[in-house]
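This report looks at how side chains are packed and paired in one protein chain. Please view the sequence and the structure first, and then read on.

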Amino acid sequence: MTPDIDKLNFEKNGDGLLPVIIQDDRTLQVLMLGYMNREAYEKSRAEGLVTFYSRTKQRLWTKGETSGNTLAIRSIAMDCDADTLLIRVVPAGPVCHTGHSGCFSDSPRETEGFIRYLQAVIRQRHRDMPATSYTTKLFQRGVNKIAQKVGEEAVETVIEAVAQNKPDLVYEASDLVYHLLVLLEANGLSLADLEQELAKRHK
């Protein structure tokens with residue numbers, strides 16, 4: 001649920017600006033930090049694209065207005081003091097001006113969270129079913145065949161683990177994770193369902 005503008009404390013810092021943390025909705029990678037005033041927030045909500053208030057240019061600035069690398073908003077949340085926003089987005093391209101996916105390119109690694117991105121790709125393949133995609137062929141074969149592939153990749157992963165062959169273990173485990181993601185998608189499930197189950201067990 002998008003926070004109502006009247007609930008946000010734009011005056012706390014004395015400059016009418018709220019810090020805004022931008023997070024990739026697919027990978028959960030923290031991409032950048034920006035600032036919004038009331039006008040920038042209203043414009044972002046109305047258009048579905050992140051618009052900041054640029055402190056250097058002293059004006060509204062829609063991310064990607066020149067580069068095309070916009071940030072499509074998926075959700076907006078405020079913190080407990082209503083003076084900071086967390087916006088989850090789907091970037092249209094690199095977020096940082098250096099060409100990196102985010103402005104914190106050294107930490108975490110840029111590949112962190114890629115499994116969630118892969119899940120989003122698999123979900124899109126399931127919707128579109130492009131004819132040349134291996135993922136499409138798996139969905140066409142049905143759950144039983146996908147489950148069989150998961151079993152095969154699990155055996156191969158175990159073999160490499162017992163042999164203590166780390167490079168091949170990484171390779172086979174990656175195959176296993178990919179096919180498991182396809183199997184979850186075929187059953188209408190996702191990583192979020194696994195996270196909920198594991199969190200329940202942890203408690």
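This is a predicted model: local features need pLDDT of at least 70, side-chain atom pairs count only at pLDDT 80 or more; totals for chains, interfaces and linings use all residues.

## Pairs within and between helices

By the rule used here, the model holds 12 salt bridges in total. One of them joins Glu47 to Lys43, with 2.8 Å between the closest N and O atoms. Both of these residues belong to helix α1, where Glu47 and Lys43 are four residues apart, or about one turn of the helix. Glu47 counts as partly exposed at 46% relative accessibility, and Lys43 also counts as partly exposed, at 27%.

Another salt bridge brings together the side chains of Arg123 and Glu185, at 3.7 Å from N to O. Because Arg123 lies in helix α2 (residues 114-128) and Glu185 in helix α5 (residues 166-186), this pair ties together parts of the chain that are 62 residues apart in sequence. Arg123 counts as partly exposed, with 28% relative accessibility, whereas Glu185 is buried, with a relative accessible area of 13%.

In soluble globular proteins, nonpolar side chains tend to be buried together. The largest nonpolar core of this model has 20 residues, and those with the most contacts inside it are Ile22, Met36, Tyr41, Val50, Leu85 and Ile87. Two or more residues of this core come from each of the strands and the helix that follow: β1 (18-24), β2 (30-36), α1 (38-47), β5 (71-78) and β6 (85-91).

Which residues are in contact with Leu85, leaving aside its neighbours within four places in sequence? The list consists of Leu8, Leu18, Pro19, Val20, Ile21, Met36, Tyr41, Ile76, Ala77 and Met78. Of these, Met36 and Tyr41 are also named among the residues with the most contacts inside the largest core.

Terms used. Residues are numbered from 1 along each chain as its sequence is written. Side-chain values use heavy atoms; hydrogens and water are left out. A nonpolar core is a set of buried Ala, Val, Leu, Ile, Met, Phe, Trp, Tyr and Cys residues joined through side-chain atoms within 4.5 Å. Buried means under 20% relative accessible area, exposed over 50%, partly exposed in between (1.4 Å probe, protein chains only). Contact means heavy atoms within 4.5 Å. A salt bridge is a side-chain nitrogen of Lys or Arg within 4 Å of a carboxyl oxygen of Asp or Glu.
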